[in-house]
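Here is a short note to read alongside the model. Please keep the viewer open and look up each residue as it comes along.

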Amino acid sequence: MLVGGQGTRLRPLTMSAPKPMLPVAGVPVTAHMLARARDAGIERVVLATSYRAEVFEEYFGDGSAHGLELEYVTETEPLGTGGAIRNVAGRLRGGPDDPVVIFNGDILSGLDIQALIRRHTAADAAVTLHLTEVPDPRAFGVVPVDADGRVTEFLEKTPDPPTNLINAGCYVFRRSVIDTIAVGRPVSVERETFPALLAASTPVMGYPDSTYWLDLGTPAAFVQGSRDLVTGRMVSSALPGPVGDCLVLAGAAVAADAKIGGGATVGARARVGAGAAVDGAVLFDGAVVEAGATVRDSVIGRDAVIGPGVLLDGVVVGDGAVIERGNELRAGARVFPGAVLTAGAVRFSSDRT
Ligand code: GTP
């Protein structure tokens with residue numbers, strides 16, 4: 001499982017925690033992913049870490065509390081997706097033809113992992129990729145397949161893509177193929193390894209499916225993913241509470257007349273004041289929403305304080321920031337950790353940091 005990225009698109013949240021450790025529906029993204037792997041019968045996972053490597057082992061330990069055997073391999077410099085896979089080769093068990101499942105660590109997906117492995121084994125492929133269909137593929141590289149499901153090309157972003165299928169961030173490698181990736185330098189599987197396999201006429205298969213799929217890489221997707229887990233649209237056995245309209249973690253204090261809904265999460269020790277509304281938003285542990293404030297589709301960092309009557313819609317607030325009364329922020333605005341917006345400083349903001 002690749003969990004070493006910088007998570008730049010989720011800044012400033014990723015300034016204090018790596019993206020895979022950010023809590024989505026109450027537990028780290030990685031906890032949901034590990035639960036999916038375990039529920040599919042996987043028993044041992046190697047976490048390929050780089051950025052903020054230490055926090056993974058602190059949280060997950062040897063994995064026994066999560067029903068898995070976990071190991072950690074840390075890169076001294078980030079090696080990219082392919083380099084990270086190559087870097088853990090020595091820790092993988094099994095024979096040269098055995099399947100190894102690789103997960104990008106920021107994906108929520110209902111993929112049937114065993115079905116992906118079966119497709120890979122039946123086709124005797126070098127690599128088999130989970131592919132998902134997106135409505136507008138122009139923002140992605142696309143992966144066309146032929147009638148037998150064999151990948152024909154890896155195309156970079158183009159204004160006129162020939163297919164809606166994109167790489168969904170989960171692949172099965174034949175164990176021996178990992179040994180062919182270059183050692184000790186950054187390698188991208190998408191840009192280098194996969195195209196090189198095709199160029200050498202090595203069989204690369206696609207496994208398109210239409211189950212739930214979401215890349216949590218942007219603030220809007222992060223909020224969406226959290227909501228989908230809370231409301232049960234995306235099923236996860238790591239959800240720390242029953243499926244419902246909201247998830248309020250133990251130790252949170254919510255005023256009786258506050259409205260919490262739309263799949264919102266209220267973190268441990270968080271507080272929501274009288275008459276406040278939290279709609280589809282994610283409040284990290286210790287966040288405070290004062291009386292009469294409205295927080296919609298936003299992520300509020302640890303111990304941040306949203307003042308009385310403040311309106312936030314589609315905003316990311318870093319850990320410990322304070323937004324005093326009379327502020328109104330919308331549409332992609334980001335507030336840095338520890339920043340203080342004094343009373344009435346901002347009435348409207350879009351895509352500002
Ligand atoms: P952005 O900077 O916002 O694009 O996020 P990111 O750094 O996570 O990059 P991206 O979403 O493309 O990464 C896909 C997956 O690969 C994520 O799970 C990352 O954690 C992981 N990843 C990316 N680069 C590296 C790396 O150099 N080493 C390791 N171990 N994992 C990586």
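Is Thr 342 buried, partly exposed or exposed? Point 2 has the answer, after a word on the model itself.

1. This is a predicted model, in which local features need pLDDT of at least 70 and side-chain atom pairs count only at pLDDT 80 or more, while totals for chains, interfaces and linings use all residues. Residues are numbered from 1 along each chain as its sequence is written, and side-chain values use heavy atoms, with hydrogens and water left out.

2. Thr 342 counts as partly exposed, at 45% relative accessibility. Buried means under 20% relative accessible area, exposed over 50%, and partly exposed in between (1.4 Å probe, protein chains only). You will find Thr 342 in the segment after strand E27 (340-341). Setting aside neighbours within four places in sequence, Thr 342 is in contact (heavy atoms within 4.5 Å) with Glu 324 and Asn 327. Ala 331 is eleven residues from Thr 342 in sequence, and their C-alpha atoms are 20 Å apart.

3. Now step back to the whole chain. The protein chain has seven helices and 27 strands. Its radius of gyration is 21 Å, close to the 20 Å that the globule rule gives for 353 residues, so the chain is as compact as a globular protein of that length. That radius is taken over C-alpha atoms, and the rule is 2.2 Å times the number of residues to the power 0.38. Helices (H or I, at least four residues) and strands (E, at least two) are DSSP runs, numbered from the N terminus.

4. Of the 353 residues, 53% count as buried. Among contacts with a separation of 6 or more, 49% are between residues 24 or more positions apart.

5. Not counting residues up to four places away in sequence, His 130 touches a list of residues including Ser 109, Leu 116, Cys 170, Tyr 207 and Trp 213. Cys 170 is itself buried, at 5%, whereas Cys 246 is partly exposed, at 27%. The search for disulfides (cysteine sulfur atoms within 2.5 Å) finds zero in the whole structure.

6. Two helices deserve a look. In helix H3 (residues 80-87), Gly 82, Gly 83, Ala 84, Ile 85 and Arg 86 are buried. Their cover includes strand E3 (44-49), strand E8 (165-174) and helix H6 (189-199). Ile 113 belongs to helix H4 (residues 113-123) and is buried, with a relative accessible area of 5%. Beyond its neighbours within four places in sequence, Ile 113 is in contact with residues including Arg 36, Ile 42 and Phe 103.

7. Finally, some backbone details to check. Most residues other than glycine have a negative phi, and most peptide bonds are trans. The peptide bond from Arg 11 to Pro 12 is cis, with omega near 5°. Ala 25 has a positive phi of about 50° although it is not a glycine, and Asp 124 also has a positive phi, near 50°. Where do these two lie? Ala 25 is in the loop between E1 and strand E2 (27-28) and is buried, at 0%. Asp 124 is in the loop between H4 and E7 and is exposed, at 54%.
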